Amino acid sequence: MKRFASLLIVAVLGGFISLGLYSLIENRHSPVTGVPLTQVPAQLAGYSSVADSQLLPDFTVAANLTVHAVVHITTEYAHKNGLYDNYFNFRDLFGDRAPDNDQQPLMASGSGVIIAKDGYIVTNNHVVQDASNIEVTLNDKRTYTARVIGTDPSTDLALIKIDETNLPYINYGNSDEVKIGEWVLAVGNPFNLTSTVTAGIVSAKARNINILGTPDGSAIESFIQTDAAVNRGNSGGALVNTRGELIGINAAIASGNGFYAGYSFAIPVNIVKKVVGDLMEFGEVQRAFIGVSIQEVDSKLAKEEGLKELRGVYVAEVLDNGSAQESGLHKGDIIVAINGQAVNSRSELLELIGQHRPGDKVNVLVSRDSKEMAYNIKLRNKEGNTKVVKPEAQNIDELLGASFTPAPSELMKKLAIDHGIQVTALKDGILREAGIKPGFIITEVDKKPVHSPSDIKQALANKSGGVLIGGIYPNRTRAYYGFGL
């Protein structure tokens, strides 16, 4: 028994000694000496602290500030001939059109942004181009007929107006300050789903997608590219930052099937401000030019011209009697900045110059023979001066390009009509361009009866926007034609 007790005591003492040695060794190797293991900082992976949640973007304020100032636009288009009409693909991309019917006009839809409380709305030119009727529905479901103040195909922008006051509107932001990776919201009416908000980030800036293609080459394509979902009906809607400021007007998507496939494109708001201001003040966009032909600098051009750096925009030609020539720019100069903002592509240059009017001065920094030189250039219009360009007065006779005669009474009786004038001859003018053929009897213009040529002239006097002409051919074929003024 004594022997057993001795063994037990030895065993217990050995255990305590082992435990003490283990604790001593463990403390020496602990990464934080003296801190109990139970106090090591740790938390569940799914837990979010208050500080972490503040890092996430909050879109609720921006959505609330903007959704009430984005409107739903419904447009009506007449067929251009007695059969059917092929419309510009923008409308196929963004508008929901009614089925073809020779007795019904085409219908399309888009979005617009209220920019002033007295009813001025900016949208895309392709949303309202050639429309015979424009209807605007506010977020609170009030509906108005809008009129076109002015359009600019070179930027795909249009300004329309409704007769109302005290409307909610979106404040302008600054698209020059927009950063790649910045969170943005697209607000619009896709698929006629009104007041829809989607989120994304800015994927790229100054993107040229060659979609406008104006005949005179004056198109300004310097889009903000985002991955915010944009679909049919979003066109003309708002792109806003997280503060609810307007930074762009949504205009296009990159897609092979007409539906959102990952990227959308918006017109920078600094271009929008300039174009809208011109249309309000002058009724015509005042386009400014430096007076150069340019090329983008790439490795091929750098090798051909012996350039040491791949930056800036290459001056391929200095136009005679232009602002650049007068200021001292040379062929072969590299434009590297405009008013302190770096320029590395044609689209960036066009965007920065497009924010100015003829008569404005810009500081142009160029690289010549590896030396940087600054020039203050006074911009001019396409005519080479700084005068205000005003809308051309339209002569109705020249505009129509047609000769008329009262429709013969026997023919009207045969066609079961009691009024109308017959087209006897056509030359270059809007009636021929619309598709009207000689012999057509015009019975109405914009749904108003026509009894004489003066009725047409009166209906078109001071008219802007879409026009709808209806009538009948001697073979009893009824037709409607639409065109824009």
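Student: Okay, where is Asp156 found?
Tutor: Asp156 is in the loop between β6 (147–152) and β7 (157–161). Keep in mind that this is a predicted model.
Student: And is Asp156 buried or exposed?
Tutor: Asp156 counts as buried, because its relative accessibility is 3% and the cut-off for buried is under 20%. Its phi is positive too, about 60 degrees, although Asp156 is not a glycine.
Student: What about Ser370, what's its phi?
Tutor: Phi of Ser370 is near 65 degrees, so that's a positive value in a residue other than glycine. Ser370 sits in the loop between β18 (361–368) and β19 (371–378), and at 54% relative accessibility it counts as exposed.
Student: Switching topic: which residues make the nonpolar surface patch?
Tutor: Phe191, Leu193 and Phe259 make that patch, which is about 270 Å². Leu193 lies in the loop between β8 (183–188) and β9 (196–207), and it is exposed, with a relative accessible area of 52%.
Student: Now pockets. How much space lies in the second largest pocket?
Tutor: About 570 Å³. Its lining has 27 residues, and Ala288, Phe289, Ile290, Gly291 and Val292 lie nearest the centre.
Student: Which element gives the largest share of that lining?
Tutor: That's α9, with four residues. Both β14 (292–296) and α9 (346–353) supply at least two residues each.
Student: And how many of the lining residues are nonpolar, polar or charged?
Tutor: The lining of the second largest pocket has 11 nonpolar, 10 polar and six charged residues.

Note on methods
Residues numbered from 1 in each chain as written. Predicted model: local features only at pLDDT ≥ 70, side-chain atom pairs only at ≥ 80, totals over all residues. Heavy atoms only, no water. Patch = residues over 30% accessible without salt bridge, like charges linked within 9 Å, V, L, I, M, F, W, Y side chains within 5 Å. Areas by Shrake-Rupley, 256 points an atom, 1.4 Å probe, with all protein chains shown as cover. Salt bridge = Lys/Arg side-chain N within 4 Å of Asp/Glu carboxyl O. Buried < 20%, exposed > 50% of the residue type's maximum accessible area, 1.4 Å probe, protein only. 1 Å grid on protein atoms, 1.4 Å probe; cavity = no way out; pocket = protein on both sides within 12 Å on 5 of 7 lines; lining within 4 Å. Points joined across faces, edges and corners; volume = space filled by probe spheres on them. Nonpolar A, V, L, I, M, F, W, Y, C, P; charged D, E, K, R; others polar.
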